[in-house]
Amino acid sequence: MVAHATSVGYGANILNYIDGQSKNKKEPDKIHFVCNQFLPASLSPAGIFQSMENDTAMYRGTGHKLSKAIKRSVLKFEISPSPKYIKGWGREDWQQLWEDYAREFDGQTLFDMKGNVKSLPTNILGSKAAVRLHLDSKSGVPHIHAVVCRVDREGHTNNSHEILERSQNAADIVAIKRGWQTAREKGEENKKMLFNLCCGILYRMPRWDWDDYKSAIESQGFTLKVNQDTDDIVRGYSIKMGNSTYRSSKIHSSIKPSQLETTWKKLHAKRLAEETAKATVKKPHPAPSPKPQATPVTKPVVTAEPPYTRIVRPCAQYDLQIGDKSVTRYIPAHLHHIFWEDLDPKEIDNANEIADKACALFLQLVVPPNDYTGSGGGGGSNDQSPWGRDPREDEIAWARRCAAMAHRLVPARKSSPKTTRGYHR
């Protein structure tokens, strides 16, 4: 859940806006009444503003100790929960959400590094307020707007110190108490997804080129904002995902502009080493004259190390149970991302089981039954399964084929949705 708060001095305009009477609101029918605090439900925006002005007018411009604090006469709040948590909500649900949020907002006392109080609690629930539900956003996400008087019913000022920090803290507390994913948790999840996306793009690039990297990200539907200096050198970039923007340095240090080429080289280290070795091979010298052959010495047989047993960066650890044997492998991030495509642990109960099956098929530790590979049918005598990796198939294509087969072998079990109520006006 995301929440935003600020103090404003244009209370009349913002009240018209949230009530659907502003010229900027083209679909007022998508705006619904949630509640008024200490105000009649039928009061117009102008009436609400005048009532709030009456509570603050006695302090402004009088030299009173509160006069500076209330030059901006109202506090504006916007609260936007994730759509998956609010299906079928009615007015009472939205009112309860607002009251829970306001209660957590009021309950905060902020301290500085020395333990001194830097911001006292507010009394939002004890102040005049207008709360409305908006369904007209471009993203289609329902959200509520609230306008609150700066002076509560007891004549105390609702301070706006550290208001953004207070607002998101309150939203996170409400989300945790309701068992929802917090904005911070969602942000970390998005960063991991973007990191895997960027690593996959770098792995598929045959050569390092900034323009190709930028185009590949934008082709996935994301917007890239690039910061360049006067010499047109890229100093930073951000990826916009929905309504959120993530700086590359915050996603992962290995995909900062200064580290991108190094990361690309690490992902292609084996191929680059082979190309360098081929380029430095010298022409063979003339064969030396034959010498007496020495008695051959038997060398010990060296067993090849199984693939993906060493830790590489970035990678994901897979602990697989193959029969009675436990196997641990370290799968590169770009392949891990493929195994987890279309798998959301919050919507699919057995997401880990499907991803593990895809990994086991990819490592060729297991093979699918003949019924799934198409062999063993008909009247022929061929008992060989066609399943396996084609020598001409790169690991990306092979990983995608294994992921698809895993979905067939392990049907996804959807999480049971919570019972919700319909919307009542």
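Thr223 stands opposite Lys240 in β9, and β8 (223-228) is joined to β9 (234-241) by 6 bridges in an antiparallel arrangement, where two strands count as paired if DSSP finds at least two bridges between them. The model is predicted, with local features requiring pLDDT of at least 70 and side-chain atom pairs counting only at pLDDT 80 or more, while totals for chains, interfaces and linings use all residues. Residues are numbered from 1 along each chain as its sequence is written, and side-chain values use heavy atoms, with hydrogens and water left out. Helices (H or I, at least four residues) and strands (E, at least two) are DSSP runs numbered from the N terminus.

**The sheet β8-β9-β10**

- An open sheet is built from 3 strands in the order β8-β9-β10, with antiparallel pairing; β8 and β10 (244-247) are the edge strands, each of which pairs on one side only.
- From one strand to the next the twist averages 25 degrees, with axes taken as lines fitted to C-alpha atoms (for helices over the stretch in contact) and angles running from 0 to 180 degrees between N-to-C directions.
- Helix α5 packs on this sheet, touching β9 and β10, and its direction makes about 120 degrees with that of β9; contact here means heavy atoms within 4.5 Å.
- In the loop between β8 and β9, Asp232 has a positive phi of about 65 degrees although it is not a glycine, and at 57% relative accessibility Asp232 counts as exposed.

**Helix α6**

- In helix α6 (residues 210-219), the residues Trp210, Tyr213 and Ile217 are buried, on a scale where buried means under 20% relative accessible area, exposed over 50% and partly exposed in between (1.4 Å probe, protein chains only).
- The buried residues of α6 pack against α5 (183-204), β8, β9 and α8 (260-267), whereas the face turned away from the buried side carries the exposed residues Asp211 and Ser219.
- Asp209 caps the N-terminal end of α6, with a side-chain oxygen 3.1 Å from the backbone nitrogen of Asp211; just after α6, Gly221 takes a positive phi of about 95 degrees.

**Aromatic pairs**

- Rings of Phe, Tyr and Trp (its six-membered ring) pair if their centres lie within 6.5 Å, with planes under 30 degrees apart counted as stacked, over 60 as edge-to-face and the rest as tilted; by this rule the count comes to 16 aromatic pairs.
- One of these is the tilted pair of Trp89 and Trp180, at 6.0 Å centre to centre and with 40 degrees between the planes.
- That pair links distant parts of the chain, 91 residues apart, since Trp89 lies in the loop between β3 (74-80) and α3 (91-106) and Trp180 in the loop between α4 (163-178) and α5.
- Trp89 is buried, with a relative accessible area of 10%, and Trp180 is buried as well, at 9%.
- The rings of Tyr213 and Tyr237 have centres 6.1 Å apart and planes at 80 degrees, so the pair is edge-to-face; this pair joins helix α6 to strand β9 across 24 residues, and both Tyr213 and Tyr237 are buried.
- Phe77, Trp98, Tyr101 and Phe105 form one aromatic cluster.

**Ser167 in helix α4**

- Ser167, which lies in helix α4, is buried with a relative accessible area of 0%.
- Not counting residues up to four places away in sequence, Ser167 touches Ala3, His4, Ala5, Tyr101 and Phe105.
- A polar atom of the Ser167 side chain lies 3.5 Å from the backbone nitrogen of His4.

**Helix α1**

- In helix α1 (residues 11-18), Gly11, Ile14, Leu15 and Ile18 are the buried residues; seen down the axis of α1, they fall within an arc of 100 degrees, so they line one face of the helix.
- The elements covering the buried residues of α1 include β2 (31-37), α2 (45-56), β3, β6 (129-134) and β7 (143-149).
- Just after α1, Gly20 takes a positive phi of about 85 degrees.

Technical notes:
Polar contact = N/O pair within 3.5 Å; in protein donor to acceptor, adjacent residues only side chain to side chain. Arc of directions from axis to C-beta.
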